[in-house]
Amino acid sequence: MKTYKFGIQIILIVVIMLSGCAGTSDWSYELPNNYEVWRINSDDIIIKNLNTQSNVDKISGFIKEFSYDTRYVFTRNVESINDNNILNEKYYILDTENDMVYGAYDSLEELEKSAKELNLQIPEKWYRTSPDPNR
């Protein structure tokens, strides 16, 4: 009977330790003007406005890469990371000062054209969302 209780205790400890690992690969990345990119889980990476505690829903899909300067955030998205259809990528520009989203653009060329019309320079460095860009 003692062995049985000991075995149950060990199983409970293992279950508690394993359940405590949920979210260990989640991360956030600071952006200008109190915005952040959040990895919620392997299917959801979003941009969040920390001032309003709301998601930037106009940027739809899974954010594969992002770039930013002191005011603007640029994203490269796919509708679903499970499909990861690189022929159907969407691009967005987020103005973090005016809480405004431009796009979706169907190609990098369209993004660059819009950025030029808005008199913006797209930063050369892009951050992949996998692995954690903080590392």
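So, Thr96: leaving out residues up to four places away in sequence, Thr96 touches Pro32, Asn33, Tyr35, Arg71 and Val73, where contact means heavy atoms within 4.5 Å. This is a predicted model, so local features need pLDDT of at least 70 and side-chain atom pairs pLDDT 80 or more, while totals for chains, interfaces and linings use all residues. Residues are numbered from 1 along each chain as its sequence is written, and side-chain values use heavy atoms, without hydrogens and water.

Where does Thr96 sit? In the loop between strand E7 (90-95) and strand E8 (100-105); strands here are DSSP runs of at least two residues, numbered from the N terminus. Thr96 counts as buried because its relative accessibility is 4%, the cut-off being under 20% relative accessible area with a 1.4 Å probe, protein chains only. Its side chain also makes a polar contact of 2.7 Å with that of Asn33. That term means a pair of N or O atoms within 3.5 Å, one able to donate a hydrogen and the other to accept it; residues adjacent in sequence count only if both atoms are side-chain atoms.

Okay, on to a sheet. Four strands make an open, antiparallel one, ordered E1-E2-E3-E4. Strand E1 (27-31) and strand E4 (54-55) are the edges, each pairing on one side only. Pairing takes at least two DSSP bridges between two strands; E2 (residues 35-41) and E3 (residues 44-49) have 6. Arg39, for one, has Ile45 in E3 as its bridge partner.

Arg39 and Ile45 turn up again, among the residues that line the largest pocket. Strand E5 (residues 62-68) gives the most to that lining, with 3 residues.

Conventions
On a 1 Å grid over the protein atoms alone, a cavity is a set of points where a 1.4 Å probe fits but cannot get out, and a pocket is an open set with protein on both sides within 12 Å along at least five of seven lines; lining residues have an atom within 4 Å of a point. Buried means under 20% relative accessible area, exposed over 50%, partly exposed in between (1.4 Å probe, protein chains only).
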